Amino acid sequence: MTDESVVVKFLIPSGQHELSVSPALLEAWERCREAGLEAAWLEEHSLSTLHPPKSLKGPGGHIVYVVDPFSGPGFLHLSSLPTTVLGPQCLLACLDSNSPVPELAHPIYTVAMRDLNICFSGLPEEQKARLSQLVQLMAGRVSKELTEVSTHLVTGLVTSQKYRVAVLRSLPVMTVAWVEEVWSLSCMTSGLVACDQRFASLQCPALLGLTVTVSQLGSSDREAVKRMVEENGATYSPSLEKREDSVLICCQTSGPKYEAARQWGVPCVSPTWLFHSIEAGICREFTEFRVETSAKQTPEVVENLEVF
């Protein structure tokens, strides 16, 4: 794992013993012994006497604490100290790859997002805080802004400025489900990485978070639009709503929905915006497909609704 002398201490939760701890913790213990590392069991109640800076170094060298689960008074106490706290899956992954433990100032349960820098957009603050914690538990880093070191954007809405920048940079744009699925699986599998191809289906769909309404289309065309937008991450609404995520698809610059959209600042785009967005796999700029004052869609454009 590293050339530095390390003492690995495994925390036994209160009410348990060495053989009743989680299978992952027991496996990590056995692998440590096989690797020739100095390992020891530590009962949770003994942590009340553990204080920095003596907690950082032992007679054998640097001390690493391995805890499972990441909860309870023992975990909370260790988390408050300037010391290394790992989950068993993190330790197992480092042993398998003969790589050092990530040097981060917080507990690490897995290394599924090691070397990744995640930025969030279009999400409620509470949800963003929870996802940020999961990323950090998986050895990833979180950036408030999208910078040159960002590797991924996780978004809930495709109209944010961060989404546009990520698309221009060809950065992977992922859904919330990506973080949650990687976390869930990495807790059970030590070698899993977030960039694995199995997670490709969790990339951001082209219309994620939008609320799409149509005007001046026949019933069959409306049904085709409804199917397409729902298959690509949007919500279809029969009526126009005054929302920041609303989009109106129309053929002409007339009608009550169009007038309301203009008044509310809702983008008014032609059906070709829908085709091109789905084909490209990204939300195309509304300004490229804006319905002009004299515009009127040709029958061929409307008929294309049946193709998608």
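The following questions and answers walk through a predicted model.

Visitor: What are the ground rules for numbering and confidence?
Guide: Residues are numbered from 1 along each chain as its sequence is written, and side-chain values use heavy atoms, with hydrogens and water left out. The model is predicted: local features need pLDDT of at least 70, side-chain atom pairs count only at pLDDT 80 or more, and totals for chains, interfaces and linings use all residues.

Visitor: How many helices and strands does the protein have?
Guide: Helices (H or I, at least four residues) and strands (E, at least two) are DSSP runs, numbered from the N terminus. On that basis the protein has 10 helices and 13 strands.

Visitor: What percentage of the residues in the protein is buried?
Guide: Buried means under 20% relative accessible area, exposed over 50%, and partly exposed in between, with a 1.4 Å probe and protein chains only. The protein has 308 residues. The buried share is 48%.

Visitor: At what angle do the axes of H1 and H3 cross?
Guide: Axes are lines fitted to C-alpha atoms, for helices over the stretch in contact, and angles run from 0 to 180 degrees between N-to-C directions. H1 covers residues 23-34 and H3 covers residues 88-97. Their axes come within 9 Å. The crossing angle is roughly 35°.

Visitor: How many charged residues are in the contact of H1 with H3?
Guide: Contact means heavy atoms within 4.5 Å. H1 contributes Ala-24, Leu-25, Glu-27, Ala-28, Arg-31 and Cys-32, while H3 contributes Pro-88, Gln-89, Leu-91, Leu-92, Leu-95 and Asp-96. Ala, Val, Leu, Ile, Met, Phe, Trp, Tyr, Cys and Pro count as nonpolar, Asp, Glu, Lys and Arg as charged, and the others, Gly among them, as polar. The contact therefore has eight nonpolar residues, one polar, and, for charged, three.

Visitor: Which residues of H9 meet H7?
Guide: H7 (residues 219-231) and H9 pack at an angle of about 35°, with axes 11 Å apart. By class, the contact has six nonpolar, no polar and no charged residues. From H7 come Val-225, Met-228 and Val-229. From H9 come Leu-274, Phe-275 and Ile-278.

Visitor: Is Phe-275 buried or exposed?
Guide: Phe-275 lies in helix H9 (residues 271-280). Its C-alpha is 9.9 Å from that of Val-225, 50 residues apart along the chain. Its relative accessibility is 5%, so Phe-275 counts as buried.

Visitor: Why is the pair of Phe-70 and Tyr-109 classed as it is?
Guide: Rings of Phe, Tyr and Trp (its six-membered ring) pair if their centres lie within 6.5 Å; planes under 30 degrees apart count as stacked, over 60 as edge-to-face and the rest as tilted. The whole structure has seven aromatic pairs. Here the ring centres are 4.9 Å apart and the planes stand at 85°, so the pair is edge-to-face.

Visitor: How many residues apart in sequence are the parts that this pair ties together?
Guide: Phe-70 lies in the loop between strand E4 (61-66) and helix H2 (72-79). Tyr-109 lies in the loop between H3 and strand E6 (117-121). The pair therefore ties together parts whose separation in sequence is 39 residues.

Visitor: Which residue's backbone oxygen lies 2.4 Å from a polar atom of the Arg-164 side chain?
Guide: Arg-164 is found in helix H5 (residues 161-169). Arg-164 is buried, at 13% relative accessible area. Not counting residues up to four places away, Arg-164 touches Val-158, Cys-283, Arg-284 and Glu-285. The backbone oxygen belongs to Cys-283.

Visitor: Where is the cis peptide bond that involves Pro-69?
Guide: Most peptide bonds are trans. Pro-69 lies in the loop between E4 and H2. Omega is near 10°, and the cis bond runs from Asp-68 to Pro-69.

Visitor: What is the phi of Ser-170?
Guide: Most residues other than glycine have a negative phi. Ser-170 lies in the loop between H5 and E9 and is exposed, with a relative accessible area of 64%. Ser-170 is not a glycine, yet its phi is positive, at about 60°.

Key: Polar contact = N/O pair within 3.5 Å; in protein donor to acceptor, adjacent residues only side chain to side chain.
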